[in-house]
Amino acid sequence: MPQYFGQLPSNEQPWQTLSAIQESQEGHTVRFDCGQSCLKINVLASNLIRVRLAPTGEFISRRSWAVTQDDTAWLPSFEVKKTDTTVEIQTEQLRVVVQKENGQIACYDLANRPFAVDAAGMGWRLGTTAAWKQIAADEHFYGFGERTGLLDKRSEVKTNWTTDALDYGSLTDEMYQAIPFFIALRPEVGYGIFFNTTFWSRFDIGVAQPGIWHMETHAGELDYYIIYGPTPAKILDTYTQLTGRMPLPPKWALGYHQCRWSYESETVVRELAQEFRDREIPCDVIHLDIDYMRGYRVFTWSPQRFPHPEKLIKGLAEDGFKTVTIIDPGVKYEPEADYHVFDQGIARDYFVRKADGQLFHGYVWPDKAVFPDFMRADVRQWWGELHQSLTEIGIAGIWNDMNEPAINDRPFGDEGEKIWFPLDAPQGGVKETDCVTHAETHNLYGSMMARSCAEGLEKLRPNERSFVLTRSGFAGIQRWSSVWMGDNHSLWDHLEMSLPMLCNMGLSGVAFVGCDIGGFASNATAELFARWMQVGMLYPLMRGHSALTTAQHEPWTFGDRTEKICREYINLRYRLLPYIYTLFWQAATTGALILRPLLYDFPNDPQTYTLHDQVLLGSSLMAAPIYRPGVEHRAVYLPAGTWYDWWSGECYMGPTHILAHAPLEKMPLYVKAGAIIPMQPVMQYVDQRSLDPLTIRVWQGEGEFTLYEDDGNTFAYKDNAYTTTKFSVNTEENQVIFAINQREGSLFLPSREVIVELVGVNEQRFNDDGTARQLVFNLKPQ
């Protein structure tokens with residue numbers, strides 16, 4: 001046995017595994033019994049199966065907070081075939097082969113290509129269950145939720161346990177989000193694995209055993225889903241059907257957000273808002289961090305620094321700003337102080353207690369604090385209703401922070417250690433049939449807080465969509481909230497890392513994501529901030545944020561040159577809002593990514609598999625940002641097809657590599673041939689005026705795009721109060737034909753001017769009344 005300095009030798013407990021199995025079938029479940037152990041395979045759809053192993057034969061009951069659809073919601077069609085050695089399950093898209101000898105599973109597509117093939121089957125020991133599967137030689141791994149480092153996670157270990165990942169870097173493992181889902185991809189083959197466990201879990205992608213990936217959890221049973229693709233888009237369509245899809249956010253949430261810890265007074269906030277309007281830098285949202293509160297007591301206002309919050313928020317609204325306030329889960333422990341949140345929670349026994357019944361406490365911003373048990377529906381309802389004190393004075397969104405939960409064992413400012421609730425602390429009340437402790441629910445705490453907030457806001461603001469943001473979450477968090485990547489730093493490698501972080505979040509089903517532009521901690525340089533604003537224009541959530549101890553990081557604080565660059569790229573963001581809002585609609589209806597790695601649209605091109613520093617915004621617009629100081633040139637990979645430079649119109653034929661010139665004022669941008677990108681005039685905020693004129697930029701080639709429009713603010717779209725307009729472009733020998741289908745949907749849109757610009761050729765204008773039409777552009781003979 002190899003010995004390592006400072007380590008004592010150890011003998012691991014052996015794994016127990018299945019032996020000969022006996023199969024039976026009931027409905028869409030194929031059951032395999034092996035002594036007291038039981039293996040179940042549920043066929044849920046033609047590309048979706050669920051695998052469950054209960055070592056004791058007893059399966060965990062479905063939890064009230066389960067993040068997946070119940071198995072009974074699916075209506076599969078499949079056949080079961082038996083041989084002397086195997087049981088085979090055949091659907092329209094895949095074949096699952098189970099060995100009778102040992103219960104090992106292998107999947108095959110219709111071309112008989114294997115995937116998700118067991119290497120050592122499944123096993124259990126000492127309260128841990130696990131599975132081992134083969135890694136194909138050319139297989140790459142993505143997703144895993146919030147992860148630092150580069151895009152492909154092969155040869156890495158990823159732990160799923162929500163943690164306050166302060167000062168994280170490229171080697172950090174546990175993060176704020178815990179999403180035990182990944183996508184494996186190789187040419188022509190792709191599949192997803194959702195490890196359906198809220199307990200501590202871990203993926204080992206070929207580290208302990210090269211050529212084998214391994215997953216284990218501290219749960220008493222093994223439960224996972226296999227989703228066949230073969231493309232990432234198909235996998236995410238099914239995965240978000242399984243775990244839920246994001247609702248459409250208010251359109252203003254797609255604008256620029258400005259935040260700092262903290263804008264410490266009403267006067268400072270008013271001055272900030274006035275600067276944006278005076279300098280004509282678009283901005284829709286101002287966030288208020290913890291210092292707006294009275295002594296960090298949630299759902300209160302500081303009487304000294306924010307004495308008239310209703311007046312402040314009304315004034316901001318009149319100037320086109322929405323206000324978002326931060327809320328933390330820690331409630332100040334303050335008996336006999338007339339603090340209504342604490343008093344109500346104590347009276348109703350809503351706070352987490354230890355196994356012996358003693359109230360649990362820890363230390364966060366208000367010092368000694370107690371914590372709601374968000375696993376309980378009644379607690380979530382109460383917490384959601386507490387937001388009324390904010391919504392009734394005009395708060396339009398809530399930012400949920402510190403909800404991993406982030407707790408210290410002594411007051412902030414003292415040297416202390418991070419803790420969380422005792423793992424044996426009971427949670428969720430008494431409604432669950434099994435004893436539920438924090439060991440099972442830790443990873444869900446942030447998600448359930450975000451759910452409480454989202455459900456509360458929907459009741460309190462029934463006629464308007466609200467914005468919800470969370471730092472921590474679990475699989476399915478997209479149903480309740482947008483997510484940002486926590487406390488990053490003003491470092492060039494954090495700028496570079498932001499793109500694979502956000503892309504892997506998207507590949508984990510969470511499309512509405514962002515990083516703090518400029519970096520939260522430390523001080524950005526003018527060059528770093530300018531480059532970060534260029535990248536931030538692409539983030540689904542575009543928010544600038546900085547920490548208390550840093551220099552100011554507003555767009556104008558770095559000098560005239562940087563301010564001009566910030567203005568130009570924020571303007572471009574606002575011009576692209578019709579296109580971006582349609583991408584959000586696609587995400588809400590199909591699970592499609594908004595910000596995408598190139599492998600999403602080019603899954604059979606191995607050149608894209610490790611390409612972490614180029615991204616697609618939707619399927620048409622590709623960016624190759626600069627993420628190093630002093631760099632003004634970079635290599636850019638253009639996949640198969642024809643590509644145009646956004647700025648110059650220069651044409652390239654892919655697949656190829658080019659050298660792009662990128663002075664500080666320019667982020668390389670490229671457009672696919674046949675792209676159709678709807679754009680609006682620059683506005684200082686999204687509702688400043690109606691979308692008139694609508695400019696449609698078109699590039700020669702073959703393509704189509706469906707523009708989605710609704711009122712951008714209410715829930716009327718759920719009652720079909722929206723419209724879609726399908727555009728298509730077709731290029732013939734000397735002509736480009738641009739077709740506009742008749743507008744569909746029940747939302748009334750007033751007549752408006754439409755400008756169709758065939759890039760590099762000319763433009764045509766017409767008055768749009770929703771009827772179909774066709775425009776012909778004549779090209780000069782070659």
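I take helices (H or I, at least four residues) and strands (E, at least two) as DSSP runs, numbered from the N terminus. The model I am reading is predicted.

**Entry: overall make-up**
I looked up the secondary structure. The protein has 13 helices and 50 strands.

**Entry: size and packing**
I checked the box along the principal axes. The C-alpha atoms fill roughly 75 × 75 × 60 Å. Next I looked up the radius of gyration, which is 27 Å. A compact globule of 782 residues would have one near 28 Å, so the protein agrees with that rule.

I then turned to burial. Of the 782 residues, 62% count as buried, that is, under 20% relative accessible area. I also looked at contacts between residues at least 6 apart in sequence. Of these, 67% join residues at least 24 apart.

**Entry: surface and charge**
I noted an accessible surface of about 29,400 Å². Carbon and sulfur atoms hold 48% of that surface. I found 69 positive and 98 negative side chains. The centres of these two sets lie 2 Å apart.

Strand 8 (residues 94-99) meets strand 9 (residues 105-109) over 5 bridges, in the antiparallel sense. I asked which residue of strand 9 is the bridge partner of Val97. The partner is Ala106. In general, strands of a sheet pair through backbone hydrogen bonds, either parallel or antiparallel.

Conventions
Residues are numbered from 1 along each chain as its sequence is written. This is a predicted model: local features need pLDDT of at least 70, side-chain atom pairs count only at pLDDT 80 or more; totals for chains, interfaces and linings use all residues. Side-chain values use heavy atoms; hydrogens and water are left out. The radius of gyration is taken over C-alpha atoms; the globule rule is 2.2 Å times the number of residues to the power 0.38. Buried means under 20% relative accessible area, exposed over 50%, partly exposed in between (1.4 Å probe, protein chains only). Contact means heavy atoms within 4.5 Å. Accessible areas come from the Shrake-Rupley method with a 1.4 Å probe; for residues, only the protein chains shown count as cover. Lys and Arg count as positive and Asp and Glu as negative; His and the chain ends are not counted. The place of a charge is taken as NZ of Lys, CZ of Arg, CG of Asp or CD of Glu. Two strands pair if DSSP finds at least two bridges between them.
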